[in-house]
Amino acid sequence: MKKRAVLALLLVLAFLLTACRTEPGKSGNNQPSNEDHCTIGMSFDSFVIERWIRDRDVFVSIANGLGADVNVQSANGDVQTQISQIKYFIKNRVNAIVIVTIDSDALTPVIEEAENAGIPVICYDRIVRNAGCSLYISFNNEAFGMAMGNGICKNISDGANI
């Protein structure tokens, strides 16, 4: 499972970093400019689930290693806080936004606002419905459940109860 999470995060980062690229010569010289700098806004529903802490740490570490800054926010389970965080990212013109949503419907208008501002939005693990996100990345939960069930069946003794 851990390898899949890292792979998923790498895929998201690869997509995000393409959003951070500028056209050659756009800054007008060979010196780095603010236009060449990549900032990713990342809004989690909360950090109550240990998995989100690990995913955040891996994501930030890899992004930093590739030269991107990540502004991580936690909405602590409050949808209005998450909407405010996303509006803050839009106002500050981050290059991309990653969201672990609290409410699959309530964020639709603010996600559309980000997309209309030209900021790609990636829904991580939970999709925002009817928002036209740039990318949705998750796991095949059904296949994962089947793999877990098969693993249990292979490792229990005959006649055992679960």
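**View 1. Buried residues account for 35% of the 162 residues in this chain.** Here, buried means under 20% relative accessible area, exposed means over 50%, and partly exposed lies in between (1.4 Å probe, protein chains only). Please note that the model is predicted, with local features needing pLDDT of at least 70, side-chain atom pairs counting only at pLDDT 80 or more, and totals for chains, interfaces and linings using all residues. Residues are numbered from 1 along each chain as its sequence is written, and side-chain values use heavy atoms, leaving out hydrogens and water.

**View 2. The chain has five helices and five strands.** Helices (H or I, at least four residues) and strands (E, at least two) are DSSP runs, numbered from the N terminus.

**View 3. The largest nonpolar core has 17 residues.** Such a core is a set of buried Ala, Val, Leu, Ile, Met, Phe, Trp, Tyr and Cys residues joined through side-chain atoms within 4.5 Å. I86, I97, L107 and I111 touch the most other members. Two or more residues come from each of α3 (79-91), β3 (96-99), α4 (108-116) and β4 (121-124). The largest share, four residues, is given by α3. Apart from this core lies another, of 16 residues, including V60, V98, V100 and F139.

**View 4. Who are the contacts of I97, leaving aside its neighbours within four places in sequence?** I97 is in contact with G41, I86, F89, I90, A114, I119, P120, V121 and I122, where contact means heavy atoms within 4.5 Å.
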